[in-house]
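Subject: Handover of a structure

Dear colleague,

Please find the structure below, handed over for your use.

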Amino acid sequence: MYDQRGRDTSSSRCRLSLSQAATVNAEPHGLIQVCYKNTRGKTVDEQLRNQLSRHRTELANERTLLAYIRTALGFVIVGIPAMWVLEHPYLQALGGLSLTAGAVCLALGLRRFMAVNAMIARAFES
């Protein structure tokens, strides 16, 4: 069985009843909306939009984590030479403070990344 555009509609995904076939002709893209429904009743367009939205959100979360890591690495790169190379005790203390700030920045970034990942998973379950 073929539709008006010559596509095969006899697959197991697309079994139309007579009432559904009548509505297909009335809507421009009704066949796609009727044939390709998942178990939650969303069309392919909705599924694709949700999937792409989730990927964008996850990538943004990863970029934010990388920014935290970059900042922490900057603190560590400044702190190590200040601790080991410089002889002045105040500069060594500032180096230790810089190392501590790097560790705290990394810990906060990882904590935020995991919290946002959990929020993304909860938001896109429904």
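**Findings**

Of the 126 residues of the chain, 17% count as buried, where buried means under 20% relative accessible area, exposed means over 50%, and partly exposed lies in between (1.4 Å probe, protein chains only). This is a predicted model, in which local features need pLDDT of at least 70 and side-chain atom pairs count only at pLDDT 80 or more, while totals for chains, interfaces and linings use all residues. Residues are numbered from 1 along each chain as its sequence is written, and side-chain values use heavy atoms, with hydrogens and water left out.

**Confidence**

The mean pLDDT of the chain (the predictor's confidence in each residue, from 0 to 100) is 79, and 66% of the residues reach 70 or more.

**Overall layout**

The chain has 4 helices and 0 strands, and its pattern along the sequence reads α-α-α-α. Helices (H or I, at least four residues) and strands (E, at least two) are DSSP runs, numbered from the N terminus. Among contacts between residues at least 6 apart in sequence, 45% join residues at least 24 apart. The accessible surface of the chain comes to about 9,500 Å², and 63% of this surface belongs to carbon and sulfur atoms; the areas come from the Shrake-Rupley method with a 1.4 Å probe, and for residues only the protein chains shown count as cover.

**Helix α4 and its cover**

Buried residues in α4 are Gly95, Ser98, Gly102, Cys105, Gly109, Phe113, Val116 and Ile120. What covers the buried residues of α4 includes α3. Ser98, which has its place in helix α4, counts as buried because its relative accessible area is 10%. Leaving aside residues up to four places away in sequence, Ser98 touches Phe75, Val78 and Gly79.

**The salt bridge**

A salt bridge is a side-chain nitrogen of Lys or Arg within 4 Å of a carboxyl oxygen of Asp or Glu. By this rule the count comes to 1: Glu58 pairs with Arg54, with the closest N and O atoms 2.9 Å apart. Both residues lie in helix α3 (residues 44–84), 4 residues apart, or about one turn of the helix. Glu58 is partly exposed at 24% relative accessibility, and Arg54 is partly exposed at 30%.

**A nonpolar surface patch**

Ile80, Met83, Trp84, Val85, Leu86, Leu91, Leu94 and Leu97 make a nonpolar surface patch of about 790 Å². Patches are made of residues with over 30% relative accessible area and no salt bridge; like charges are joined within 9 Å, and nonpolar side chains (Val, Leu, Ile, Met, Phe, Trp, Tyr) within 5 Å. Helices α3 and α4 each supply at least two residues of this patch. Ile80 lies in helix α3 and is partly exposed, with a relative accessible area of 32%.

With kind regards

How values were computed: Contact means heavy atoms within 4.5 Å.
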